[in-house]
Amino acid sequence: MVREFPERGARSIELQNAPSQKRLRELLGKVGDRITQIADVRDRIDGLLEAMLSVSSELDLETTLESIVAAGIRLVDAEYGALGVLGSGYDLSAFLAQGISEEVRTEIGDLPTGRGVLGLLIDDPRVLRLDDLSEHPAAVGFPPNHPQMTTFLGAPIRVRDEIFGNLFLTEKKNGALFTEDNELVIQALAAAAGIAIENARLYEQAQTQLAWIEANRDIIAELLTGADNQEVLEAIARKVLTLADADLVCIAEPHDHEMPPELVEELVVTVAEGIDADVFRGRTVPTRGSTSGDAFRRRRPVLRDQLEYDISGHSSAWHGPVMVAPLRTVESTRGVLIAVRSKGRDAFAEDLLSLSADFADQAALALQLASAANQTQQMRVLEDRERIARDLHDHVIQRIFAEGLTLQATLQRTQSPEIRARLTRSINNLQDIVQDVRSTIFDLQAEESETTRLRQRVQETIDQQVDDLPIQTHVRMAGPLSIVEPRLADQVIAVVREALSNAVRYAHATTLTVAISVADDLAVEVTDDGVGLDEDVTPSGLTNMRLRAEELGGTFALTTPGAGHGLSVRWTVPL
């Protein structure tokens, strides 16, 4: 009996400890499950934080949106994901989808319209979780070729107080259902996405503003380097064509920039870049009853769905949204900047109108400052020319005239024929010099314009024809040669060249005189002391000079100034 007692006691203890071990195993199992849950939560939190950091690190808006969709699919273990960007009403302006191949996407066709279940998130922007999408009362079904989707999880994306769009996730993997934890995850992701989208928007706006600032800098740089105003206006139009993403950009200006804006009746398109640019150049726009005229008269930028007045002169079917910004300065309005997009394209945004209006104002101010600087420079040049003209008149001519009087007095005191001939030649040369100086003075005092400097061209022609030949030439010019327009100046040069060619080749002359005078008529006279009109002279040259005169309503004559020798060619046209 003594040997049996311990065995019965051990078995009794084992029986007593059995429930405790079972309970301990249950507790250990629960602890293990809890540890696993904690690890899963930690992994989800880590994944959510990683997704938030990834989304927030992007500054490009499209890249940011794609990152949001990818993060949502990964965090809630979904098959498909999409992000719809709200447009006007229930329409979606953009729809980024992932999980669907390009082939299937092409087969599906048009983007969703924002109706059905998607419209619920527009009317009631809260998290929406569905176990079976097709059983919801608002479900409208899927278009042909669309993948079958059952479970659904959607959340609105807010940018400050604005609903930017909605994030959609469908078909949780392995046939599972979306959970409350998934709701919290997508809600947190949507909040982070709103901040990231706002940052991307701000970055995009900053980049856009920088592009406009750089464009304005380029325009000012061109003006400072002395570029022509027309070239600068064309550069402005090209800049706006790119920056505003327009299809056509025009600049319309009044005929007279000095006229008060309220008195301007029409504008003329002086610059056009883009589609139909050649059609628009030179067209006029009334200031009444036109979009451009409204902006010009009110000195305010305007947005319209289309041009109120068809500038092209024919019904342009492609004209769509339009943006017009006046080229304003403090004192006046130089013109208007017109940007047009094709029909069907998005309208110009208000912030883009503001940027283009600021750009137009700064460009107009730069043009005004450049014009003022150019006028100041011209005034300085004119003042210098006026001073030089006074010095030539008061000093140089008087000294030459005094030397001429001295030579004339000397001429009276000598009887040597050789000396008298030499003095006479010197006196005549001084008279020619005085005449040249006086003509130079007149040209200096005349206002600079686009008219050709006829004096230099005549002298160059004489040098080319006479060259190194032993022929003495005299040039006499009288009157305001600077008023001779370029086309008429070309005719004068042709006549002088032909007359000199005949005298040099056939007349055997020792002296040539070229006289050009400007009064009521423009007269060109070339006289030589040669053998007269030679039979070998080409008649076509004389005929051409006669025809040139007759076409301009003038006359042409040949005379013999000496006794049987010499020839004078006189060509005159009325001014």
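**Figure 1. The largest pocket of the predicted model.** In this predicted model, the largest pocket has a volume of about 1,200 Å³. A pocket is found on a 1 Å grid over the protein atoms alone, as an open set of points where a 1.4 Å probe fits, with protein on both sides within 12 Å along at least five of seven lines. Grid points are joined across faces, edges and corners, and the volume is the space filled by probe spheres set on the points. The lining comprises 31 residues, and those nearest the centre of the pocket are Leu61, Glu204, Asp346, Ala349 and Asp351; a lining residue has an atom within 4 Å of a point. Two or more lining residues come from each of α2 (61-76), β1 (78-86), β2 (92-98), β5 (162-172), α5 (180-224) and α9 (350-413). Helix α5 supplies the largest share, seven residues. Helices (H or I, at least four residues) and strands (E, at least two) are DSSP runs, numbered from the N terminus. By class, the lining holds 16 nonpolar, six polar and nine charged residues. Here Ala, Val, Leu, Ile, Met, Phe, Trp, Tyr, Cys and Pro count as nonpolar, Asp, Glu, Lys and Arg as charged, and the others, Gly among them, as polar.

Figure 2. Helix α8 (residues 291-298) is largely enclosed by the rest of the structure, because six of its eight residues are buried. Buried means under 20% relative accessible area, exposed over 50%, and partly exposed in between (1.4 Å probe, protein chains only). The buried residues of α8 are Thr291, Ser292, Gly293, Asp294, Ala295 and Phe296. Their cover includes the strands β6 (248-254), β7 (266-274), β8 (284-286), β9 (302-304), β10 (319-328) and β11 (333-342). Just after α8, Arg299 takes a positive phi of about 60 degrees.

**Figure 3. The two aromatic pairs.** The structure holds two aromatic pairs. Rings of Phe, Tyr and Trp (its six-membered ring) pair if their centres lie within 6.5 Å; planes under 30 degrees apart count as stacked, over 60 as edge-to-face and the rest as tilted. Phe152 and Phe168 form a tilted pair, at 6.2 Å centre to centre and with 35 degrees between the planes. Phe152 belongs to strand β4 (residues 152-159) and Phe168 to strand β5, so this pair ties together parts that are 16 residues apart in sequence. Phe152 is buried, with a relative accessible area of 3%, and Phe168 is buried too, at 6%. The pair of Trp212 and Phe359 is edge-to-face, because the ring centres are 5.4 Å apart and the planes stand at 65 degrees. Trp212 lies in helix α5 and Phe359 in helix α9, so the pair ties together parts that are 147 residues apart in sequence. Both Trp212 and Phe359 are buried.

**Figure 4. The largest nonpolar core.** The largest nonpolar core has 33 residues, and Leu454, Val458, Val492, Ile516, Leu522 and Trp571 have the most contacts inside it. Such a core is a set of buried Ala, Val, Leu, Ile, Met, Phe, Trp, Tyr and Cys residues joined through side-chain atoms within 4.5 Å. The elements that give two or more residues to this core are α11 (454-466), β12 (472-478), α12 (486-507), β13, β14 (521-528), α13 (539-551) and β16 (567-574). The largest share, nine residues, comes from α12. Leaving aside neighbours within four places in sequence, Val492 is in contact (heavy atoms within 4.5 Å) with Leu454, Ile516, Leu522, Val524 and Trp571. Apart from this core lies another, of 31 residues, among them Ile236, Ile251, Phe348 and Ala360.

**Figure 5. Two loop residues with positive phi.** Asp77 occupies the loop between α2 and β1. Its phi is near 60 degrees, a positive value in a residue other than glycine. Asp77 is partly exposed, with a relative accessible area of 33%. Asn174 is placed in the loop between β5 and α5 and has a positive phi of about 65 degrees, although it is not a glycine. At 79% relative accessibility, Asn174 counts as exposed.

**Notes to the figures.** Residues are numbered from 1 along each chain as its sequence is written, and side-chain values use heavy atoms, with hydrogens and water left out. As the model is predicted, local features need pLDDT of at least 70 and side-chain atom pairs count only at pLDDT 80 or more, whereas totals for chains, interfaces and linings use all residues.
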